[in-house]
Amino acid sequence: MELLDKNYKKYLSGMDIIGEIAIIKIKSEFLSEKMEISDLIINSLKNIRSIYLQESGVKGEFRVKSMSYLSGIEDPVTIYKESGCQFLIDVSKVYFSPRLSNERLRIAQLVQPDEKILNMFAGIGPFSIVISKFQPSCKITDIEINPIASEYALDNYLLNKINNITSICGDAHEIIQNQLSPDFSRVIMPLPEKSTEFIDDALTMIHKRGWIHLYAHLNSSDDNILMNCNNIISKELDERSRIASSRIVKHIGPGWYQIVFDIEVIK
Ligand SMILES: C[S@@+](CC[C@H](N)C(=O)[O-])C[C@H]1O[C@@H](n2cnc3c(N)ncnc32)[C@H](O)[C@@H]1O
């Protein structure tokens, strides 16, 4: 094998750093040298103790990436820090994206004291924990279908000394239909592949007036991205709700975007 260039970035098509773990995507033409590339990265990045190779995008009901261990310590559990909060995460068993940190902060800054908030797709709890740090007087209910993510959420409430979040493990639709009363001021819907299927559930949960933050993956074939996407989501709403604002969270592929819609509800 030829000596590798120290500039490892040329071999990668992506890298996420979560705590002390780097999850890398290697360009297909360099995959045969994955071990050498991984060793090069771990020797270059002082704060990284493990390297994992990402083998798929997020998939399945639990939205987890498949990955394999490459170098360093073989342990997929780490602590990630953001906005003064800490999250314990097993990167191989639960969804987590450091790229949503700005969104979590943005939503936390919108929340007012004493709100009642429902997070329909809570994962290991990052949105709710950041909100709780900003507004400890809020009462938050987290729903999460992946039992492992739900367990990590409980660990993370303790780690952050938070006692105003209740966690329910199960399907958001079932839980809303059977266990919850419609007394929330804000509903968060961070399941961009499918959240539009749950809009009626979210609307039902708002008491008189409030906000829904809906994340969706949408396609726009021309440059009027937000106008096109607003039109798509407006068709899913009724007279009780309107899109107050929307923004592109990230570009996810040719013509495809993750968009967040801040929807005002008045009943
Ligand atoms: C894109 S992740 C977001 C997780 C978390 N909010 C975050 O930002 O890290 C979506 C989460 O929704 C969960 N999920 C998928 N379908 C669900 C359902 N029907 N009810 C409740 N949770 C669901 C997945 O297991 C996953 O953890």
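By class, 14 nonpolar, two polar and four charged residues make up the shell around the ligand. The model is predicted.

**Exercise 1. Locate the ligand relative to the domains.**

Step 1. Take the domain bounds. The domain assignment gives domain 1 (8-75) and domain 2 (95-266).

Step 2. Domain 1 and domain 2 both give residues to the shell around the ligand, so the ligand lies between them.

Step 3. Name the residues that come nearest. Of the 20 residues around the ligand, these are Phe121, Gly123, Ile145, Asn146 and Ala172. Helix H3 (126-134) and strand S8 (139-144) are the elements that give two or more residues to this shell.

**Exercise 2. Describe how domain 1 and domain 2 touch.**

Step 1. Start with the centres. Taken over C-alpha atoms, the centres of domain 1 and domain 2 are separated by 29 Å.

Step 2. Turn to the contacts. Seven residues of domain 1 are in contact with six residues of domain 2.

Step 3. Sort the domain 1 side by class. The residues there that touch domain 2 are four nonpolar, no polar and three charged.

**Exercise 3. Work out which side of helix H4 is buried, and what packs against the buried residues.**

Step 1. Check the length. H4 (residues 147-159) has 13 residues and reaches 18 Å from its first C-alpha to its last, close to the 18 Å expected at 1.5 Å a residue.

Step 2. List the buried residues. They are Ala149, Ser150, Tyr152, Ala153, Asn156 and Tyr157.

Step 3. Look at their directions. These residues cover an arc of only 160° around the axis, which puts them on the same side of H4. The spacing fits a general rule. An α-helix has 3.6 residues a turn, so residues three or four places apart point the same way.

Step 4. Inspect the face turned away from the buried side. Pro147 and Leu158 are exposed there.

Step 5. Find the packing partners. The buried residues of H4 pack against strand S6 (85-90), H3, S8 and strand S9 (165-169).

Step 6. Look past the helix. Lys161 follows H4 and has a positive phi, near 55°.

**Exercise 4. Repeat the analysis for helix H2 (residues 101-110).**

Step 1. Pick out the buried residues. In H2 they are Glu103, Arg104, Ile107 and Ala108.

Step 2. View the helix down its axis. The buried residues of H2 fall within an arc of 135°, so they line one face of the helix.

Step 3. Turn to the other side of H2. Asn102 and Gln109 are exposed there.

Step 4. Identify the cover. The buried residues of H2 are covered by elements including H3, strand S10 (184-189), strand S11 (206-219), strand S12 (241-253) and strand S13 (256-266).

**Exercise 5. Decide whether Gly57 is buried or exposed.**

Step 1. Gly57 lies in the loop between strand S3 (50-54) and strand S4 (67-72).

Step 2. Count neighbours. Gly57 has 11 C-beta neighbours inside 10 Å. The cut-off for exposed is 12 or fewer, so Gly57 counts as exposed.

Step 3. Gly57 and Met67 are ten residues apart along the chain, and 9.5 Å separates their C-alpha atoms.

Definitions and conventions. Residues are numbered from 1 along each chain as its sequence is written. This is a predicted model: local features need pLDDT of at least 70, side-chain atom pairs count only at pLDDT 80 or more; totals for chains, interfaces and linings use all residues. Domain bounds come from an automatic or database domain assignment. Two residues are in contact if their C-beta atoms, placed from the backbone, lie within 7 Å. Ala, Val, Leu, Ile, Met, Phe, Trp, Tyr, Cys and Pro count as nonpolar, Asp, Glu, Lys and Arg as charged, and the others, Gly among them, as polar. A residue is near a molecule or strand if its C-beta atom, placed from the backbone, lies within 6 Å of it. Helices (H or I, at least four residues) and strands (E, at least two) are DSSP runs, numbered from the N terminus. The expected span of a helix is 1.5 Å times one less than its number of residues. A residue is buried if 20 or more other C-beta atoms lie within 10 Å of its own, exposed if 12 or fewer, and partly exposed in between; C-beta atoms are placed from the backbone. The arc is that of the directions from the helix axis to the C-beta atoms.
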